[in-house]
Amino acid sequence: MKIKLYILIICLLNLTDCRDKDQTTRMTKYGAIQGMNEEGVFVWKGIPYAQPPIGDLRWRPPQKLAPWKGTFDAVSYGNICPQKAYGPQSIYEIPKEAMSEDCLYLNVWSPDPDPDEKLPVMVWIHGGSLTREGGSHPQYLGANLAKKGIVYVSINYRLNIFGFLAHPELSAESPDNVSGNYGILDQIAALEWVRENISSFGGDPDKVTIAGESAGGWSVTLLMASPKAKGLFRQGILQSGAYMWSGPDLKEESNQYESGESEGLKFMGAMGVENLEELRQISSDKIVDHFFSSNSTVSGEPMIDGVVFPKKIDQIFAKGNHNKADVIIGANADEWGLWVPQLPGEREGFINYIESNFGGDPSLFEQAYPIGDSLSIRKAYADYLSDDSFHLHDRLLAQEVNRGGNKVFQYYFSKVPSERYPEEYGAFHGAEIVYALDNLENDPGTIGSGTITGEDQAYADMVSAYWINFVKSGVPHGEDLPIWQVWDPKKQLYLEFGQRKIEMKSKLLFERLNAMEIYHLSRQKKVTN
């Protein structure tokens, strides 16, 4: 009795420490984990959600964790998947992080881990072309959004060859006779972990919104298309990343891709080994060097395998066989503005360049993207690739989600972050992330070194409020925010996050996208003929 009284007195004298220790220790299905309180937000870093995919588990679906004894110390971020960093002085350059094939970890931020709270949950899937980055990159951290009343989760998953290698021997190991798509299966395993455990952190497993930018947006599309992800989320946010093309097929040549298994056979040959056992012994450094070299034999893309993706992605949506969810979807005004190569400066040379690289009727290209001086040539090229990679896919996905009976909230981000970047960069690919996630102070890269102004922070507060409202209620607008109306095929309404104001508009890039579709038809006819 005296011992219990002594403990009670110590707790009363150190009330904050006792409360924090209790709240930062959570019980999951697999065991207890200890996190920390960082400036009023509870965070658990580097939580394993599957067994490490190393050794014999390399290129296998993620395996369930075994329960552990004691308390797992979740106070540092887990490894990210092996990869090569972006080039020096890249706008996407980030601090170095520990890399290993043992990379299946996630992070949780919560304003209140009380299981009775049942707060809505946002799961962030990082971008990087399914080849780079990780869930602990600075711009993806979740403290600021958690302070606004949600539980925020970021995840790592397998990338590049580690996430998307197919091979006949790998398929033969599988009960379903398939291989590849391990990175997507990792994402599904992370969502299953959230389903099973997030209530221990104050989250509601029935109110999960999956979100991501670039390859993270692709991933949201792919999870909506996969029957294996059914029931694991109720909403989606796709930033610059609707995935409405077909990709490679596992066993057959299609869509100008060779089969995934054929790619895998070439990869095995390039590694100088003869069987899967030897391939699993190759060092991760050698694998990474090959994938990021000009001699790479693996596309690193999800593939149609008949199981994870029963059909081509666009066909799944067209037939209404996707996982139904309301979505926010959009892209930036200058998606390709930073990636324009050296182009011919004269009209004739540029038209020849377009015809030799893309085909189709060049006069139809000019109708969509008028060409004049060298500046207009650069803009025409950037606009074409932005439309081809982002804006048209957004429109196609909006049509299919709407036709499936769900709400679509479309946006167009045209604000140039000139406070922190050169104005000529425009509203570049990824410019909206730190606004949507309210992470201006964590803006990555060595180029974006400008001072954060009060006006810029107020803008981030507004953009992130739309995201938070959507996660909480399914309706993005709210008090003191311009109304964000639902997209429909007739009006095609969208919200523009402009330089000085946020306002509703209609029919985003309508004539330009229509003209581009006509140009695409001319390309298809030329290929057919």
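Q: Which residues form one aromatic cluster in this structure?
A: In this predicted model, one aromatic cluster is formed by Phe409, Tyr411, Phe413, Tyr435, Tyr459, Tyr466, Trp467, Phe470, Trp484 and Phe497.

Q: How many aromatic pairs does the structure hold?
A: The structure holds 39 aromatic pairs.

Q: Why is the pair of phenylalanine 291 and phenylalanine 292 called edge-to-face?
A: The ring centres of phenylalanine 291 and phenylalanine 292 are 5.0 Å apart and the planes stand at 85°. Ring centres within 6.5 Å make a pair, and planes over 60 degrees apart count as edge-to-face. The pair of phenylalanine 291 and phenylalanine 292 is therefore edge-to-face.

Q: What makes phenylalanine 291 buried?
A: Phenylalanine 291 has a relative accessible area of 10%. Buried means under 20%, so phenylalanine 291 is buried.

Q: Why does phenylalanine 292 count as partly exposed?
A: Its relative accessibility is 22%. Partly exposed lies between the limits of under 20% for buried and over 50% for exposed, and phenylalanine 292 therefore counts as partly exposed.

Q: How do you know which arrangement the rings of phenylalanine 350 and phenylalanine 365 have?
A: The centres of these two rings lie 6.1 Å apart, with planes at 65°. The limits are within 6.5 Å for a pair and over 60 degrees for edge-to-face, so phenylalanine 350 and phenylalanine 365 form an edge-to-face pair.

Q: Why does the pair of phenylalanine 350 and phenylalanine 365 tie together parts that are 15 residues apart in sequence?
A: Phenylalanine 350 belongs to helix H12 (residues 347–358), and phenylalanine 365 belongs to helix H13 (residues 362–368), so their pairing links parts 15 residues apart in sequence. Phenylalanine 350 is buried, at a relative accessible area of 0%, and phenylalanine 365 counts as buried at 0% relative accessibility.

Q: What makes the charged end of arginine 58 sit over the ring of tryptophan 59?
A: The charged end of arginine 58 is 5.1 Å from the centre of the tryptophan 59 ring, over which it sits. The distance limit is within 6 Å of the ring centre, for CZ of Arg.

Q: Why is asparagine 197 counted as buried?
A: Asparagine 197 has 2% relative accessibility; buried means under 20%, so asparagine 197 counts as buried. Asparagine 197 lies in helix H6 (residues 182–197), and touches Thr28, Lys29 and Tyr30, not counting residues up to four places away in sequence.

Q: Why is H6 called largely enclosed by the rest of the structure?
A: Of the 16 residues of H6, 13 are buried, so H6 is largely enclosed by the rest of the structure.

Definitions and conventions. Residues are numbered from 1 along each chain as its sequence is written. This is a predicted model: local features need pLDDT of at least 70, side-chain atom pairs count only at pLDDT 80 or more; totals for chains, interfaces and linings use all residues. Side-chain values use heavy atoms; hydrogens and water are left out. Rings of Phe, Tyr and Trp (its six-membered ring) pair if their centres lie within 6.5 Å; planes under 30 degrees apart count as stacked, over 60 as edge-to-face and the rest as tilted. Buried means under 20% relative accessible area, exposed over 50%, partly exposed in between (1.4 Å probe, protein chains only). Helices (H or I, at least four residues) and strands (E, at least two) are DSSP runs, numbered from the N terminus. A charge sits over a ring if NZ of Lys or CZ of Arg is within 6 Å of the ring centre and within 35 degrees of the ring normal. Contact means heavy atoms within 4.5 Å.
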